[in-house]
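Dear colleague,

I am handing over the structure below for you to look through alongside this note. After it you will find what was computed from it, arranged by region.

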Amino acid sequence: MDVTRRTILTATAATAALSFVGAPHIARAALPLTQPGLPFAEDALAPTISSKTVALHYGKHHKAYFDKLNELAAGTRYADMELSEIMTASATSAEDAKIFNNAAQAWNHVAYWDQFVPGGPVRPEGELAAAIDDTFGGYEGFVDRVVTVSNEVFGTGWVWLTRDDQDALALIGYEDGNNPVALGRPGYLGIDIWEHAYYVDYENRKEEHIRAVLDKIVNWRVIADRVAA
């Protein structure tokens, strides 16, 4: 299921008051928002994600979202909000679409880097493993479903492990910078399918990139902590 900007705009304003499950580590509130440092060395994810890709993705693309958000939100009602509040408060405002896009992408990428902190299990464990097995028919079924959902997203976007309307685990594709948190759902695991996430290392082989990420570098202890929060 794709979630488009139109879907975001039909969400209720109550999303602005949500608590955030597994919120990434963003300490500073109010402008100027500061991009958190990487939680690992630039070469820590190699060869799955090269240091060159991390440098470009984090140092150029992710930084640009924070820089642009600080510029756009200055002097507005968002100036005294923390990042997650800016994201949800702007999600229902068509006139603030640029603020939302940059806030969502800034948030997405903090959650993205945090889920790759080295040292945790590379497969789900315990209750989370059982839930993934029940929902997707095993870990390989989960990976296959991520790939399928990624191909259903038109253009750029993300695939998130979240929950559906029945509160069951679900993989949902979101266009551009949209994410489940802006819709009042939790965001447990995010796979970035913008080309800047993989093109240097994998060229147009998006599926190969997705499978390598899920096979080798996700820290499932981080994901389990988000699910349990």
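Thr162 lies in strand S2, where strands (E, at least two residues) and helices (H or I, at least four residues) are DSSP runs numbered from the N terminus. This is a predicted model, in which local features need pLDDT of at least 70 and side-chain atom pairs count only at pLDDT 80 or more, while totals for chains, interfaces and linings use all residues. Residues are numbered from 1 along each chain as its sequence is written, and side-chain values use heavy atoms, with hydrogens and water left out.

Thr162 counts as buried because its relative accessibility is 0%, the classes being buried under 20% relative accessible area, exposed over 50% and partly exposed in between (1.4 Å probe, protein chains only). Its side chain reaches the backbone oxygen of Pro186 at 2.5 Å. Leaving aside residues up to four places away in sequence, Thr162 touches Ala168, Leu169, Ala170, Ile172, Tyr174, Pro180, Arg185, Pro186 and Tyr188, a contact being heavy atoms within 4.5 Å.

**The strands around S2**

Strand S2 (residues 157-163) is joined to S4 by four bridges, and the two run antiparallel; strands are taken as paired if DSSP finds at least two bridges between them. Asp192 in S4 is the bridge partner of Trp158. S2 also pairs with S3, again in the antiparallel sense, over seven bridges, and here Val159 stands opposite Gly173. Five residues lie between the strands in the hairpin of S2 and S3, and in that hairpin Asp167 takes a positive phi near 70°.

In strand S3 (residues 169-175), seven of the seven residues are buried, with Leu169, Leu171, Gly173 and Glu175 pointing one way and Ala170, Ile172 and Tyr174 the other. The residues of strand S4 (residues 189-192) are likewise buried, Leu189 and Ile191 pointing one way and Gly190 and Asp192 the other.

**Helices H6 and H8**

Helix H6 (residues 139-152) packs against helix H8 (residues 206-216) at an angle of about 145°, with the axes 10 Å apart; axes are lines fitted to C-alpha atoms over the stretch in contact, and angles run from 0 to 180 degrees between N-to-C directions. From H6 the contact is made by Tyr139, Phe142, Val143, Asp144, Val146, Val147, Ser150 and Asn151, and from H8 by Lys206, Glu207, Ile210, Arg211 and Leu214. Within H8, Lys206, His209, Ile210, Ala212, Val213 and Leu214 are buried, and what covers the buried residues of H8 includes helix H4 (97-114), H6, S4 and helix H7 (199-202).

**The loop between H2 and H3**

Met81 lies in the loop between helix H2 (51-73) and helix H3 (83-90), and Ala74 is placed in that loop too. Met81 is buried because its relative accessible area is 18%, whereas Ala74, at 47% relative accessibility, counts as partly exposed. The C-alpha atoms of Met81 and Leu33 are 9.4 Å apart, although the residues are 48 apart in sequence; those of Ala74 and Leu31, 43 residues apart along the chain, are separated by 7.2 Å.

**The chain as a whole**

The chain has nine helices and four strands, and 52% of its 229 residues count as buried. Among contacts between residues at least 6 apart in sequence, 70% join residues at least 24 apart.

With best regards

Note on methods
Polar contact = N/O pair within 3.5 Å; in protein donor to acceptor, adjacent residues only side chain to side chain.
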